[in-house]
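Subject: Structure handover

Hello,

Here is the structure for you to look over.

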Amino acid sequence: MSKAAWVSRAIAGLLVLVAVSVLGLFGLLRQVADAAEDRKQNRLLVRDANGLLTDMIDAEAGQRGYLLTGDSTYLAPYAKVRDGIADRIVDLRVRAHDSASVELLRRLQPLVESKISELTSLVTERRGLAGLVLSPDRNGREKRLTDSIRVTVFALTEHENVSLVRREEEYATNLRSLFVGIALFSGVAAALSVALVYLMWQRRGQKERTLMHTETQRLLTSQEATSAALRVANTMIADSEERLSVTLSSIGDAVLTTDANARVVRLNPVAERLMGWTSAEAVGLPVADVFHIVNKDTRVLGTIPVMQALEH
């Protein structure tokens, strides 16, 4: 496997690890949220159960006040409980967390219904009468019902309080786990960020090195082609020079060549004999130092045609 492929797989693996860490963190957050909601519902259930007991006691006290005085204003707590008690118990049963609480509420319902029935019966009997005295048996039954309701509600609240303690512990544990998870995720995220940057740098470096290698190979190929072309050109120039030398040596006229600065480049053998210079001695010298034209009549130096040719 190439290094580029290894870097790509490493980056993909790091991204998968980040995704798994995020999902785990969300799972911990969900657990903490669920635990907090359970604590809230537990407290509300205990509050409402105690409120139900308080309302039952208030209803009984109001009913007794009515029985003694005949004043219907005492019946307000009783009427409040009588009209909504069934729905309140059903609501408590729906919100109960476990089977033990549901069972206690199931036992509470007939007790409360019997209590309400007894209170209603006494209120009905009292209407139209100047007073009503409870018999010892009836009064004892009233008290037993109230005590049974109180004991059942106390058992329910005690059970819920125990559950609340357990949920508080679960909440604290989940919260600690969340903090640890956040700390670990932060560390992993930091490490992964550094690793990801390094791998991306490595990958970029690998690409740059690959591009550099490709460009180097292209330049080397181009240089080899240029060198081959130069060798061919040099060969052609050498052949041309050789042919030119042979040609100049074989003709019967004197031939002198110069560069653009009027310096001697070549003399053929006829020119060497005519001027008294060898080609090796004359090369590089100004043409005026090597070649002189003299008027045959006046013996005055004339103008060298090379100079005119270069000038024009």
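The expected span of a helix is 1.5 Å times one less than its number of residues. Helices here are DSSP runs of H or I, at least four residues, and strands are E runs of at least two, numbered from the N terminus. α3 has 28 residues and spans 41 Å from first C-alpha to last, close to the expected 40 Å.

Some ground rules. This is a predicted model: local features need pLDDT of at least 70, side-chain atom pairs count only at pLDDT 80 or more, and totals for chains, interfaces and linings use all residues. Residues are numbered from 1 along each chain as its sequence is written, and side-chain values use heavy atoms, leaving out hydrogens and water.

**Core**

A nonpolar core is a set of buried Ala, Val, Leu, Ile, Met, Phe, Trp, Tyr and Cys residues joined through side-chain atoms within 4.5 Å. Buried means under 20% relative accessible area, exposed over 50%, partly exposed in between (1.4 Å probe, protein chains only). The largest core has 24 residues. Met56, Ile85, Leu108, Val112, Ile116 and Ile149 touch the most other members. α1 (3–69), α2 (76–95), α3 (99–126) and α4 (136–250) each give two or more residues to this core. A separate core of 10 residues includes Ala262, Val264, Leu267 and Val287.

Beyond neighbours within four places in sequence, Val112 is in contact (heavy atoms within 4.5 Å) with Met56, Ile85, Ile89 and Ile149.

**Glu160**

Glu160 lies in α4. It is buried, at 1% relative accessible area. With neighbours within four places set aside, Glu160 is in contact with Asn42, Leu45, Val46, His97 and Ser101.

**Salt bridges**

There are 11 salt bridges, each a side-chain nitrogen of Lys or Arg within 4 Å of a carboxyl oxygen of Asp or Glu.

- Lys115 pairs with Glu60, closest N and O atoms 2.9 Å apart. Lys115 is in α3 and Glu60 in α1, so the pair ties together parts 55 residues apart in sequence. Lys115 is buried at 1%, and Glu60 is buried at 10%.
- Asp147 forms a salt bridge with Lys143, at 2.9 Å between the closest N and O atoms. Both lie in α4, four residues apart, about one turn of the helix. Asp147 is partly exposed at 29%, while Lys143 is exposed at 53%.
- Asp147 also meets Arg150 in a salt bridge, 3.2 Å from N to O. Arg150 is partly exposed at 26%.

Best wishes
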